[in-house]
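Colleague: Could you walk me through this model?

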Amino acid sequence: MGEAKRREELGLPPRQKKVELNKSDRYLSWLPITKSRIKKYPYMGVATMALGAIIFLVSGGANTIN
């Protein structure tokens, strides 16, 4: 038995199609990160900068600056 028949027998409405991402919501057209997704994680930028600073310091980057 297919899902459509099962839903009809149970009195449920037809399944809704998945909402597609609005391309205008993206920062770059080829980048799959949207503005609304970024708003869910406000500390992502700070965490990325901290990780970059840690990698920079561990690699000896501070010693190579004249």
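Modeller: Happy to! Accessible areas come from the Shrake-Rupley method with a 1.4 Å probe, and for residues only the protein chains shown count as cover. The chain exposes about 6500 Å², with carbon and sulfur atoms supplying 62% of it. This is a predicted model, in which local features need pLDDT of at least 70 and side-chain atom pairs count only at pLDDT 80 or more, while totals for chains, interfaces and linings use all residues. Residues are numbered from 1 along each chain as its sequence is written, and side-chain values use heavy atoms, leaving out hydrogens and water.

Colleague: Is T34 buried or exposed?

Modeller: Buried means under 20% relative accessible area, exposed over 50%, and partly exposed in between (1.4 Å probe, protein chains only). Of the 66 residues of the chain, 6% count as buried. T34 has a relative accessible area of 1%, so T34 is buried.

Colleague: With which side chain does the side chain of T34 make a polar contact?

Modeller: A polar contact is a pair of N or O atoms within 3.5 Å; within protein, one must be able to donate a hydrogen and the other to accept it, and residues adjacent in sequence count only if both atoms are side-chain atoms. At 3.3 Å, the partner of the T34 side chain is that of S36.
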